Amino acid sequence: MSRAAEPFVSPSVFFFNSCENAQAVVNNFFNESKYECYTHFFRSPPLSIAIGYAVVLAFGLAFGAATVALVFIDQYIFRRAMNSEYFNTAGRSVRTGLTASVVVSQWTWAATLLQSSNVAYQFGISGPLWYAAGATVQVVLFSTMAVLVKLRAPTAHTFLEIIRARWGRVAHLTFLGFALITNIIVTSMLVLGGSVTVQALTGMNVDVASFLIPLGVILYTFAGGLKATFVASYFNTGVILVALVVFMFKVYVTSEDLGSPDKVYHNLQQVSLIRGVEGNRDGSYLTMFSRNGFFFGVVNLVGNFGTVFIDQSYWQSAIAASPTASWKGYLLGGLCWFAIPFSLASSLGLAAVARSLPITIEEANQGLVPPAAAFDLMGRNGASLVLVMLFMAVTSSGASEQIAVSSLISYDVYRTYFNPNCSGQQVIFLSRIVIVSYGLLTGGFSIALHHIHVNLNFLYLAMGVFIGPAVVPVAYSISWGRCSGKGAVFGSLFGLVCGLSVWLSYGASFPGGLSVENLQEDEVMLAGNLSSILSSALVCTIISIFRPDDCDWSTTKAIPLIEDDPNAHIAFETEEALEQALKRIGIAGVLITGVLVVLWPAFTLPAKVFSKHYFRFWVALSFIWGIASCVLMIVLPLIESRHGILILLSGGRYGLGAKAEGEETALEDFVVEDR
Ligand SMILES: NC(N)=O
């Protein structure tokens with residue numbers, strides 16, 4: 001993180017090591033012989049390069065082949081016509097369980113696994129909570145947007161179509177810029193985090209890994225469109241959550257070196273005494289009183305509003321869901337996702353501290369805390385499991401990003417500005433070209449970022465400065481009829497200029513002037529992120545109050561389809577039910593947000609530095625949340641699609657009775673909500 005977060009050594013404790021390079025030795029306060037005189041953790045890759053290629057290539061190809069097979073069954077056995085509406089919206093009928101599972105997999109980035117443990121490693125127990133809470137609330141609040149899209153723009157394919165229908169060309173182009181920047185930042189973070197970890201664990205060249213990782217994703221996204229990514233997402237989410245449970249049990253139950261909350265607690269206390277955390281109460285890793293943890297929490301909150309609200313992939317999943325599944329899927333998905341950073345970082349991130357592993361700040365900022373902890377506790381099996389988990393996260397989120405960008409280019413560039421009367425087949429053709437080109441391009445971006453020494457931590461913290469200004473105007477586009485196009489455009493551009501000016505000038509004021517290190521300081525990131533989102537919100541709101549729009553949503557309801565889609569026309573009763581649910585969904589979102597980012601952190605403050613009992617309770621909570629999410633995300637989509645599975649397994653002999661005259665196919669049953 002920043003220099004301010006560098007640990008300090010308590011003067012009351014003397015720690016000796018007899019190494020020749022004593023000054024450069026990192027941690028190892030418990031004198032573990034296997035880490036004697038280590039100056040960094042990854043001296044040599046724990047896995048062979050062949051395993052790296054096997055995971056990156058074979059997994060990618062296997063997923064690609066499985067998805068192509070599913071698409072084949074759907075098209076040729078169940079006679080599903082792949083038109084452009086279906087390719088880009090999955091038929092607007094996906095069920096709650098699968099929607100939630102897709103949300104979990106889309107929102108599980110390389111950073112979710114890596115950066116969350118980095119903040120646990122640097123700030124202690126506050127890091128996992130701030131990471132998880134600060135990135136869950138956006139998904140939960142987005143459930144309101146998901147309902148509003150169904151009510152006010154049921155035929156939309158992208159959120160930019162809504163903006164164009166309301167505010168016209170200038171606003172459309174402005175927010176198209178923000179949307180593409182968001183997708184590029186997110187995809188680069190995915191590929192960069194993935195490739196650096198693949199290199200550390202297997203020795204594969206980062207550039208080669210950056211190029212190969214998007215390839216398998218291209219294959220299945222290319223073949224099956226949005227639904228293919230949804231089916232793959234279900235498997236990815238399942239694997240990630242099972243791996244999470246394995247790691248939790250290893251750290252707190254079965255490990256010979258740790259193996260119980262009490263042992264972890266004892267070691268964390270020892271490390272706090274030897275190398276306390278600057279800005280934490282008593283330098284302890286066991287407290288929510290953490291200045292830099294709090295700064296990170298705010299930056300995390302701001303940045304992630306951008307990566308949900310301005311990322312087409314979340315709008316796309318909302319559009320793809322059936323009306324009732326849209327908001328339920330986001331609420332459930334957000335709450336289940338919480339477990340991934342919280343439980344994983346409370347296990348692997350804290351284990352890295354409790355074992356005093358020789359992980360340098362540079363390695364931590366590259367995202368190497370979980371691979372190091374997993375390798376330390378479980379040897380090659382642990383390293384392999386992290387690799388698979390990471391690959392699952394990168395491929396499923398990467399696929400969503402590819403399909404999101406392909407929709408933006410197809411609908412908002414090609415159809416809007418070049419060929420308004422284009423056919424569905426032209427849209428599918430272009431979508432596929434974009435999927436391939438964007439996949440390759442993001443490999444290139446990630447290589448470039450690596451070569452200019454921009455790491456995962458920097459990108460993660462800086463993203464809100466660039467995309468934060470678009471958050472409030474985009475949210476207003478579907479929720480506030482009086483928000484004007486002028487307010488939205490001026491507000492977002494003003495916010496961008498303001499955020500960048502504050503960030504760059506504040507960073508330049510530190511000794512050494514403008515540099516990546518200074519821009520990465522916690523308070524600099526905090527100032528830049530807050531200026532971006534708040535100044536934009538203020539200007540957009542003030543202009544809209546004085547020069548209001550008068551939107552009755554007729555233009556957004558008239559966004560044209562290319563081929564007809566019966567699910568894009570919402571029945572009157574469904575519309576009424578959604579209107580009634582809207583208020584409750586909004587209240588639920590606000591309540592959950594209040595609990596996660598205000599009440600929960602506030603209630604931990606009286607505990608000051610956690611007692612052993614309090615820490616046991618904390619660990620128990622992370623176990624319950626992790627296991628419940630794992631069971632729900634694996635079982636719920638299966639229960640919802642039991643008819644389809646029965647039909648498929650019995651070759652069509654059983655299960656059709658549940659459907660009216662076999663009106664839905666088996667594969668549809670995996671995703672289709674009862675209407
Ligand atoms: N998706 C995130 N912010 O981990």
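# Briefing: Cavities, Helices and Buried Residues

T556 is buried, having a relative accessible area of 0%, where buried means under 20% relative accessible area, exposed over 50% and partly exposed in between, with a 1.4 Å probe and protein chains only. This is a predicted model, in which local features need pLDDT of at least 70 and side-chain atom pairs count only at pLDDT 80 or more, while totals for chains, interfaces and linings use all residues. Residues are numbered from 1 along each chain as its sequence is written, and side-chain values use heavy atoms, with hydrogens and water left out.

**Surroundings of T556**

- T556 belongs to helix α21 (residues 554-557); helices are DSSP runs (H or I, at least four residues), numbered from the N terminus.
- A polar atom of the T556 side chain lies 3.0 Å from the backbone oxygen of W553.
- With neighbours within four places in sequence left aside, T556 is in contact (heavy atoms within 4.5 Å) with R152, A153, T155, I162, A165 and R166.

**Surroundings of L241**

- L241 is located in helix α8 and counts as buried, at 0% relative accessibility.
- Apart from neighbours within four places in sequence, L241 is in contact with I340, S629, C630 and M633.
- L241 and G594 are 353 residues apart along the chain, and 26 Å separates their C-alpha atoms.

- Helix α3 (residues 96-107) has 12 residues and reaches 16 Å from its first C-alpha to its last, close to the 16 Å expected at 1.5 Å a residue; the expected span is 1.5 Å times one less than the number of residues.
- Helix α3 is mostly covered, as 12 of its 12 residues are buried, including T96, Q106 and W107.
- Helix α9 (residues 261-274) has 14 residues and reaches 20 Å from first to last C-alpha, close to the 20 Å expected at 1.5 Å a residue.
- The buried residues of α9 are V264, Y265, N267, L268, V271, S272 and I274.

**Cavities**

- The structure holds 6 cavities of 30 Å³ or more; a cavity is a set of points on a 1 Å grid over the protein atoms alone where a 1.4 Å probe fits but cannot get out.
- The largest cavity has a volume of about 60 Å³, a volume being the space filled by probe spheres set on the points.
- Residues lining the largest cavity (with an atom within 4 Å of a point) include T187, I213, V394 and T442.
- Helices α7 (169-202), α8 (206-254) and α14 (369-418) each give two or more residues to this lining.
- The lining of the largest cavity divides into 6 nonpolar, 4 polar and no charged residues.

Key: 1 Å grid on protein atoms, 1.4 Å probe; cavity = no way out; pocket = protein on both sides within 12 Å on 5 of 7 lines; lining within 4 Å. Nonpolar A, V, L, I, M, F, W, Y, C, P; charged D, E, K, R; others polar. Polar contact = N/O pair within 3.5 Å; in protein donor to acceptor, adjacent residues only side chain to side chain.
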